[in-house]
Amino acid sequence: LKKKKKSMASRAERQKITESFVRRTHFDLEEVQHVQAIFNALNDGKKIDRNTFREVLTKSFGMTDDMLMDRAFRAFARNNENSLGEEEWVLGLSVLLRGSLDEQAKYCFGVFDLNGDGFIVREEMFVLLKQTIAKPQTEEDRDEGIKDLVDLVLKKMDLDHDGRLSFADFEAAVHTDPLLLEAFGPCLPSAKSATGFMGAATLDLYTRRK
């Protein structure tokens, strides 16, 4: 009888947690339960490590850039830990898949701000863009091309003309042109992959992974 009561109390507590996620995210009840089930399938309900997270970004969203995937992990991991708990997983996915423009601007800026100082400076832009530009005939040509691209980005997005991007610069530019969310590299899923992630096939994929 005690075990039964404990089990009932545990289920009630889980239901409260799930309902709190509904209130705090862009997911409905079934969708929260779906992403919770994926979390449990990935690591038996324990925390998700960096490698598992990267596996999800690659398999479900086609992301392949190691640096951007690592920065995405840091954006999800709010306490700067090396693993993700269920809360970080659910709240992070809400922004990644369904976030408002403001939420996704904050997320993308956090991904691109490589040293976390609140600014995206020329050196960071160069590093980020170098990952996305196809190699030309010589490395010198490539570097010159990236420097020119950095100049163009600053001209378009550096609203206070201080030679770097603050979050205010980035947010204002994104509101003018939402495509600038990924100005320094792909860090958001396509609409198709975001929709697919919420389908039953995704849960099957990660359940079979064990």
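A pocket here is an open set of grid points with protein on both sides within 12 Å along at least five of seven lines. With that in hand, welcome to this predicted model, whose largest pocket has a volume of about 320 Å³.

**The chain as a whole**
- Along its principal axes, the C-alpha trace of the protein chain spans about 75 × 35 × 30 Å.
- Of the 210 residues in the protein chain, 41% are buried.
- Among contacts with a separation of 6 or more, 62% join residues 24 or more positions apart.

**The largest pocket**
- The lining of the largest pocket is made up of A75, F76, R78, E88, L91, G92, V95, E103, K106, Y107 and G110.
- Helix 4, helix 5 and helix 6 are the elements that give two or more residues to this lining.
- By residue class, the lining divides into five nonpolar, two polar and four charged residues.

**E88, a residue of the pocket lining**
- You will find E88 in helix 5, and it is also listed in the lining of the largest pocket.
- E88 counts as buried because its relative accessibility is 8%, and buried means under 20%.
- Leaving out residues up to four places away in sequence, E88 touches F76, A77, R78, N79 and S83; F76 and R78 also line the largest pocket.
- From E88 to S166 there are 78 residues in sequence and 25 Å in space, C-alpha to C-alpha.

**The largest nonpolar core**
- A set of 57 residues forms the largest nonpolar core, and W89, F112 and F197 are those with the most contacts inside it.
- Helix 5 (residues 86–98) supplies the largest share of this core, with seven residues.
- W89 touches V35, I38, F39, L42, I48, F53, V56, F76 and F197, with residues up to four places away in sequence not counted.
- F197, one of those contacts of W89, is itself among the residues with the most contacts inside the core.

**Helix 6**
- Helix 6 covers residues 101–112, and at 1.5 Å a residue its twelve residues should span 16 Å; the end C-alpha atoms are 16 Å apart, so the two values agree.
- The buried residues in helix 6 are Q104, A105, Y107, C108, F109, V111 and F112.
- Cover for the buried residues of helix 6 comes from elements including helix 4 (66–76), helix 5, strand 3 (119–120), helix 7 (122–132), strand 4 and helix 9 (167–176).

**H161, a loop residue worth a look**
- H161 sits in the loop between helix 8 (139–157) and strand 4 (165–166).
- Its relative accessibility is 68%, so H161 counts as exposed.
- The phi of H161 is near 55°, a positive value in a residue other than glycine.
- For background, most residues other than glycine have a negative phi.

**E19 in helix 1**
- E19 belongs to helix 1 (residues 2–24).
- With a relative accessible area of 35%, E19 is partly exposed, since that value falls between the 20% and 50% cut-offs.
- The C-alpha atoms of E19 and G145 are separated by 50 Å, and the two residues are 126 residues apart along the chain.

Conventions: Residues numbered from 1 in each chain as written. Predicted model: local features only at pLDDT ≥ 70, side-chain atom pairs only at ≥ 80, totals over all residues. Heavy atoms only, no water. Helix = DSSP H or I, 4+ residues; strand = E, 2+ residues; numbered from the N terminus. Buried < 20%, exposed > 50% of the residue type's maximum accessible area, 1.4 Å probe, protein only. Core = buried A, V, L, I, M, F, W, Y, C linked by side-chain atoms within 4.5 Å. Contact = heavy atoms within 4.5 Å. Expected span 1.5 Å × (residues − 1). 1 Å grid on protein atoms, 1.4 Å probe; cavity = no way out; pocket = protein on both sides within 12 Å on 5 of 7 lines; lining within 4 Å. Points joined across faces, edges and corners; volume = space filled by probe spheres on them. Nonpolar A, V, L, I, M, F, W, Y, C, P; charged D, E, K, R; others polar.
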